[in-house]
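Opening the notebook on a new chain today. I want the overall build before I go into any details.

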Amino acid sequence: QITTGRNLYDQILNTRSALQNALQVGMYDDYINLAEEYTQLYDLFAQSCQLLSDSIGLAAEFGYRTKEVEDAEQLLTELTILHNIQAALQTGGYLEGNQPSDLPANSIVLEALNEAYGPTDGFELTTELSHYIVTKAYHIICIRGAIQVLNAEHAHLEESVQEADQGIGFDTPELVSAKELLECIHDTLARMEEAEDKVEQELLEVAVATAEQYFYENENVERVRQLRDRVIELNEESRQALWNFDKNRMEQVYADATAIRLSTPHFEKIKGYLSFSEEDFLKLEIKKAKEIGDEDRKIRVSIRLKELTLDTFGNMFGVLQFKSLRTPKDFAAQKLVTTDRKKLAMGMMYWTKHPIHTSLTDIEDPLALKIAKKAFKNVLGYMMDKKYPYPSTLAQEFIQTGIDNPQVRSELYCQIIKQLTEHPVPANKQRGYHLLALCCNNFPPSPDFENYLEMYLRNVPEASSKYIAALRDVQYGIQKTTAPTPDQIDSFVSDFFNPGNPTGESKFCIPKELKTSQYPDSFFEDPSNLFLETEIEVA
């Protein structure tokens, strides 16, 4: 019994010595360096756990149970928890800082760390190392969770980083990386805010590129991206619309830009041009149409310019003001024998049933004068003021005269106007309008009579727009060489004076798709290089 007692005593002494040795934690005093360096800590964990397991095993061999044994068991559990947490901290975190190679959330693994951290709930920690690692694990869990929802809400990461900065007390790599990432998000948000406020293409492009660089994606980024795309689209359209001087496109793109507060030198230029009077704008549009080679557009704009001019100065273009028209005195003087020269002069531009003795306009060429006098007989015959057979044939001859003899075209128009003025017979007068329409449809007047004729046509009693439309088609279309046949004349008159179709429009006035050209590189940045030719623009 004495021997047995002595052996038990020795066993207790050995066990207590082993326990006391195992419970030594002084090697963990440099806990921060150990926790952050990892490798040495794992070796110390292994040594401590081995000593604790061995000492606990010794005590278990003979049922030895004391507070030292309980402390050893507690420390063994504690170190095992720390080992698992430390292992989980080593993987599944975001460590790329401000240079992510993928969506940061994709690198996050939380399950293993949550599982390792779970046993700390209600567990009494005994070492500073334990408090540091467990506190660090808590904040890293918060940071990882915040990174997982970063694109939806960055405020969680701000809170997690701020709390971790205070709670951990050391810039552990995962915290440093989160801080750098958060700075990137702040930079992205600032760029987005500035870009949306200023609505500038370069700022928007940089803001979106920054967000994409950091794999930051949410509805706010998408909104800025859509604004960027819209601004790029409108900026390009502004250059295209302005370069081609397309008013409809300019108005539309300016309205679209104004709606999103977009302003560039090109839009300011567009705004200036849109404030021009219609006449000043059209003058520049003709210039651009000429540069582009858009003949249809040039003609259409020229016609509109003429309309505006006549709207303003039409009172200057009465037929009697035509500078090539003879004076009544000169007209009467050309008659060698007359009983009332004053009456002849006063009736120069009024209806007569007699042939004219000379031209109404200044014609010096004897042959042309002869042609003019003969043509008037065709007018009398077609209008039934003289009895001639085949009136439609007379109209055909009259038209052919105008086609073949450009020098007397204005004279021919003046002859018809003369006969329409105060004609006493309505039916005959109507045939005069028929002849006027036929002429408008087959040959133009001389350029110096165009405005006078158009002002007269504006005031004909019916189908005014049809006369003008026919005249413009002839002025700007392919010149005719042959007058219509009598049957064609009759058919034309029937169609032209159809009461069911009282208006007309020249094919040259109908808007067509504009020809366009690509702007040069110099125009991309500087809209002042709008016109190729160096001319003074309309102020």
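**Ground rules.** I am working on a predicted model, where local features need pLDDT of at least 70, side-chain atom pairs count only at pLDDT 80 or more, and totals for chains, interfaces and linings use all residues. Residues are numbered from 1 along each chain as its sequence is written, and side-chain values use heavy atoms, with hydrogens and water left out.

**Confidence.** I checked pLDDT (the predictor's confidence in each residue, from 0 to 100). The chain's mean is 94, with 99% of residues at 70 or more. Residues 534-539 stay under 50, and there the model has 10 contacts beyond four places in sequence; contact means heavy atoms within 4.5 Å.

**Overall form.** I counted 24 helices and zero strands. These are DSSP runs, numbered from the N terminus (helices H or I, at least four residues; strands E, at least two). Is the chain compact or spread out? Its radius of gyration is 51 Å, well over the 24 Å from the globule rule for 539 residues, so the chain is more spread out than a compact globule. The radius is taken over C-alpha atoms, and the rule is 2.2 Å times the number of residues to the power 0.38. The C-alpha trace spans about 180 × 45 × 30 Å along its principal axes.

**Cores.** I looked for nonpolar cores, meaning sets of buried Ala, Val, Leu, Ile, Met, Phe, Trp, Tyr and Cys joined through side-chain atoms within 4.5 Å. Buried is under 20% relative accessible area, exposed over 50%, partly exposed in between (1.4 Å probe, protein chains only). The largest core has 81 residues, and F45, I85, I133, L157 and Y273 touch the most other members. Helix α6 (residues 128-148) gives the most to this core, 10 residues. A second, separate core of 53 residues includes A395, I403, L420 and A483.

**Helix pair.** I then looked at α18 (residues 391-404) and α19 (residues 409-420), whose axes come within 8 Å and cross at roughly 145°. Axes are lines fitted to C-alpha atoms, for helices over the stretch in contact, with angles from 0 to 180 degrees between N-to-C directions. F398, T401, G402 and I403 in α18 meet R409, L412, Q415 and I416 in α19.

**Q475.** This residue is in helix α22 (residues 464-476). Q475 counts as buried because its relative accessibility is 15%. Leaving aside neighbours within four places in sequence, Q475 contacts K306, P444 and E450.
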